[in-house]
Amino acid sequence: MRWIAVVLGLLLLACVPLSCRPRPEIAIGSKKFTESVILGEIVSQLADSCQVTAHHYRELGGTRLLFDALRNGDIDIYPEYSGTIVQEILAGERLLDDQAMRAALQQRGIGISRPLGFNNTYALAMHEDTAEDLGITTISDLAAHPQLRLRFSNEFMDRADGWPGLRQRYDFPQRDVKGMDHDLAYRQLDAGMVDVIDAYTTDAKIEFYNLRLLQDDRRHFPRYDAVLLYRANLADRQPEFMETLRQISGRIAEPTIRAMNSRTELDGVTETQVAVDFLQSSLGIHTQVEPDSVARRIVRHTREHLDLVRKSLIPAILVAIPLGIWAARQPATGQIILATVGVVQTIPALALLVMLMTPVNLLGLSSLGDGSITAVVALFLYSLLPIVRNTATGLRDISPPLRESAIALGLPATARLRLIELPLASPTILAGVKTAAVINIGFATLGALIGAGGYGQPILTGIRLNSTALILEGALPAAALALLTQGLFELAQGWLIPQGLRLKASS
Amino acid sequence: MFELVEISKRYGDRQALHPTSLRLASGTTYAIVGPSGCGKSTLLRLMIGLISPDSGHILFENKPLSEHNVQVLRHQIGLVIQEGGLFPHLTARANVTLMAGYLGWPADRIERRVRQVAELTQFPQDGLERYPAQLSGGQRQRTSLMRALMLDPDLLLLDEPLGALDPLTRFQLQTELRDIFRQLQKTVVLVTHDMGEAAYLGDSLILLREGRMVQQGTIDELLDRPADPFVSSFLHAHRSPLEEREA
């Protein structure tokens, strides 16, 4: 009876909507770096000034994820760079000029704004002193120093216009070339742990860390003019907004954007405030910033985080326990089931999210934002293994005399499972659910990669801005939630595990 | 009422039981004895369908035991194993009443029957609400016996029921078991490796060795007309402390 109550309670908890924010009229996306977030905020504030409800999904996982989200209609607009479009997104099409690019995008139902006014191209950066000592001013000069340690952002390592193309063009002798998180790379460069990193020409950190940008003497890097990509139907849906949007074309010059980047990254001003100030000073557009206290942010992130956890963990429990029972009953099938859920565990989070986006969209479900089905499905998959494994183990480890006693009584198989085997295995099963819950709470921080918020959001922003306070704002509540969950499970054990199993044998 | 016809069982290379036939008459207590690995537990497990024979068949009240009727037949058979096989998550009462409850007996009928079997096995009333872990070894075996008797079965199977008990408890329970068997007049099959216990409790003794039945008969028959030197040596293979003092 208790277990039926638990199952019904879980179902109810998984289904009740806690928050039902309607889809905004305009959904804006941005990439994981400050400049993109600022541009997204500028678009968001512009929408506000036109009385259009907008939501800005900040710091989404990567170019592919954003472009797919745009094509699928999960977002309506996001800032992009012309070089990225030609070299990366539409790399297979060998687009020769802007005209061809425009047409290729048009075919996909996507429009492109006029350039915003700055070119943020890739560059290789070295510490000014190191570069001076070695006499390096151009990328070609690197060839004379094979001992240099090169560290590039993971996206740069993979992109056709990044490391693969650059290496071909310049024929580098260096052996020590690795991928590394971009923000970490700056710090490692400053600490003298690495020698050369990739950088963006509008990056605020160039001046802060006193870096020298190496001249691209063989003209490898294409132009990266900042533009906005938007769904072609946006002009019909929001004509006034699109009209306003045109005003910012050509208005953001390189010094302007570098100053804005620097205000956020070095002075700690929020992207929203920077965007508001820009619109006020350059275009005379006034918008309001809602104050956002730490407490309010934590409450919001907690709600988002719990939403991800309950929507993924509860269905995982309800699916994994029957799978575990099946695996225990049929060892051959059990091997296949355990291997499958085990393999899922090894897929990196971002890869899993990108893989899941298309099927989720085909089903007509929202793949981005809060309640992102993509994030929920990914977390669901990550939660299966401990529960399936513990259920199967718990059932298999029941001692043969007890199993046979139940058979000898004349209980049919289903009754044996319900009355004897599951209660006997319940401590092991519950331990599996507890492990899954703690893993799930940790993994749910990946929701931030896909706009679902949660504690991952401040962590992601904190890493980007090198702000320990922000990282802790996400990490501490996440740890507290994991501990709280542990505690709740200890309590639940007292209630759910039969009393007789918690006793020590008397003799 | 229970008949085994030429049944045999093989585990891999080992012939655990050679073709064996056995008729169990109503109201008789049979004690199956023999050294470890002689096939006595195999024989018992075959009777309740935990394993199925490689050849031969089993008749229960003239009906052959099959996959279809084994579930119902098990309700007419009570089993007690070494250490009781009690479910640790259930109280003594819940262990005893599990099947009756599952079969939908009314509460008052269950209550009456529990009182009867508790009285019969001299199980203390207040022990019924305890969990197996809170009971002594002897009480656990009494509980297991109550569970086996709950549905008033025609056949009672006991597999080394006193094997894990200390000598005093064992001695006392042997006395009580004999009273219970006499009172109930049920068909009982007791598996033991203790010749003294077999002789004390069994009306008919069945001696097994390496998967074959060596002899069946009363203790007098076995003592007076052993079928084989092994019968005599097995009957005498036990020590008494009194012997030591006399020697």
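**Salt bridges and the chain interface**

Tutor: The model is predicted. In a salt bridge, the side chains of B:R45 and A:E404 meet at 2.6 Å, N to O.

Student: How many salt bridges does the rule find across the interface of chain A and chain B?

Tutor: Side chains of opposite charge can pair when their charged atoms come close. B:R45 and A:E404 form such a salt bridge. Across the interface of chain A and chain B, the number found by the rule is one.

Student: Which element gives the largest share of the side of chain A that touches chain B?

Tutor: Across this interface the rule also finds five residue pairs in polar contact, both residues being at pLDDT 80 or more. On the side of chain A, the elements that give two or more residues are helix 19 (400–408) and helix 20 (413–443) of chain A. The largest share, seven residues, comes from helix 19 of chain A.

Student: Which residues of chain A lose the most area to chain B?

Tutor: The contact takes 26 residues from chain A and 24 residues from chain B. Between them the two chains bury about 2100 Å², with 67% of it on carbon and sulfur atoms. Together accounting for 25% of what the side of chain A buries, the residues that lose the most area are A:E404, A:A408 and A:L409.

Student: Are A:K205 and A:E265 buried or exposed?

Tutor: A:K205 and A:E265 form a salt bridge in which the closest N and O atoms are 3.4 Å apart. This pair links distant parts of the chain, 60 residues apart, with A:K205 in helix 10 (residues 205–208) and A:E265 in helix 13 (residues 254–267) of chain A. As to accessibility, both A:K205 and A:E265 are buried.

Student: Why does A:E207 count as exposed?

Tutor: A:E207 forms a salt bridge with A:R258, with 3.8 Å between the closest N and O atoms. A residue is exposed when its relative accessible area is over 50%. A:R258 counts as partly exposed because its relative accessibility is 27%. A:E207 counts as exposed because its relative accessibility is 61%.

Student: By about how much of a helix are A:D307 and A:R310 separated, and what is that separation in turns?

Tutor: The side chains of A:D307 and A:R310 meet in a salt bridge at 2.8 Å, N to O. A:D307 is buried, as is A:R310. Because they lie three residues apart in helix 15 (residues 294–329) of chain A, their separation is about one helical turn.

Key
Residues numbered from 1 in each chain as written. Chains lettered and ligands numbered in written order. Predicted model: local features only at pLDDT ≥ 70, side-chain atom pairs only at ≥ 80, totals over all residues. Heavy atoms only, no water. Contact = heavy atoms within 4.5 Å. Buried area = accessible area lost by both parts, 1.4 Å probe. Salt bridge = Lys/Arg side-chain N within 4 Å of Asp/Glu carboxyl O. Polar contact = N/O pair within 3.5 Å; in protein donor to acceptor, adjacent residues only side chain to side chain. Helix = DSSP H or I, 4+ residues; strand = E, 2+ residues; numbered from the N terminus. Buried < 20%, exposed > 50% of the residue type's maximum accessible area, 1.4 Å probe, protein only.
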